[in-house]
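Please read the following briefing alongside the sequence and the coordinates.

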Amino acid sequence: MSKELEQRSGNKCELCGNTENLSAFEVSQAPDGIAETSIFACATCIDQIENPDNVDANHWRCLNDSMWSEVAAVQVVAWRMLSRLRAEGWPQDLLDMLYLDDGNLAWAKATGEGVDTENAVVHRDVNGVILQAGDSVVLIKDLKVKGSSMIAKQGTAVRRISLDRENEKYIEGKVGPTQIVIITDYVKKI
């Protein structure tokens with residue numbers, strides 16, 4: 001395995017290009033059926049991947065080049081590290097450019113990297129059930145729609161809702177042909 005990685009990488013760290021203290025690094029949470037789940041990485045990169053407290057943001061500027069690797073495991077690590085560092089500003093720009101297919105993106109997100117749980121906006125219905133984008137809800141009372149003469153009746157189902165990213169009380173959905181903003185206090189998840 002190590003010989004294959006050495007050949008594929010040209011005896012360089014697949015993340016930063018370093019040529020010293022290299023070893024195989026198994027990228028965690030790989031889904032079944034992925035052939036290449038390891039990368040060839042230097043001790044510095046491995047330490048910073050495994051120990052978030054040791055991360056030097058400037059070291060990871062190397063991802064500007066390595067994120068374009070054709071190796072899925074390298075792309076996954078690049079996505080995870082850019083997500084971890086996105087508060088720095090420049091990593092968010094690279095994340096916006098980085099494309100992962102659905103399978104690799106799911107692999108990248110499997111560790112929970114990039115999920116900001118501290119400041120996450122959580123939408124809850126009237127019963128406290130967490131709402132997700134795409135859920136269906138039902139109105140629990142008649143609602144007058146601002147800016148129109150329409151009244152959304154109690155019991156109306158609103159399918160495939162979208163969530164307001166900044167306010168946990170607001171969701172959007174279609175009632176008939178009209179897209180409206182609904183306050184979560186007046187809906188129940190179906």
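Buried means under 20% relative accessible area, exposed over 50%, and partly exposed in between, with a 1.4 Å probe and protein chains only. This is a predicted model, in which local features need pLDDT of at least 70 and side-chain atom pairs count only at pLDDT 80 or more, while totals for chains, interfaces and linings use all residues. Residues are numbered from 1 along each chain as its sequence is written, and side-chain values use heavy atoms, with hydrogens and water left out.

**Cysteines**
- The structure holds zero disulfides, a disulfide being a pair of cysteine sulfur atoms within 2.5 Å.
- Cys42 is in no disulfide, and its nearest cysteine sulfur, that of Cys16, is 3.6 Å away; Cys42 is buried, with a relative accessible area of 1%.
- The sulfur of Cys62 lies 5.3 Å from the closest cysteine sulfur, in Cys16, which is too far for a bond, and Cys62 is buried at a relative accessible area of 15%.

**Sheet**
- Strands are DSSP runs (E, at least two residues), numbered from the N terminus, and two of them pair if DSSP finds at least two bridges between them.
- Three strands form an open antiparallel sheet in the order β8-β5-β12, with β8 (157-158) and β12 (187-189) as the edge strands, each pairing on one side only.
- Two bridges join β5 (residues 137-139) to β8, and Val137 stands opposite Val158 in β8.

Key
Helices (H or I, at least four residues) and strands (E, at least two) are DSSP runs, numbered from the N terminus.
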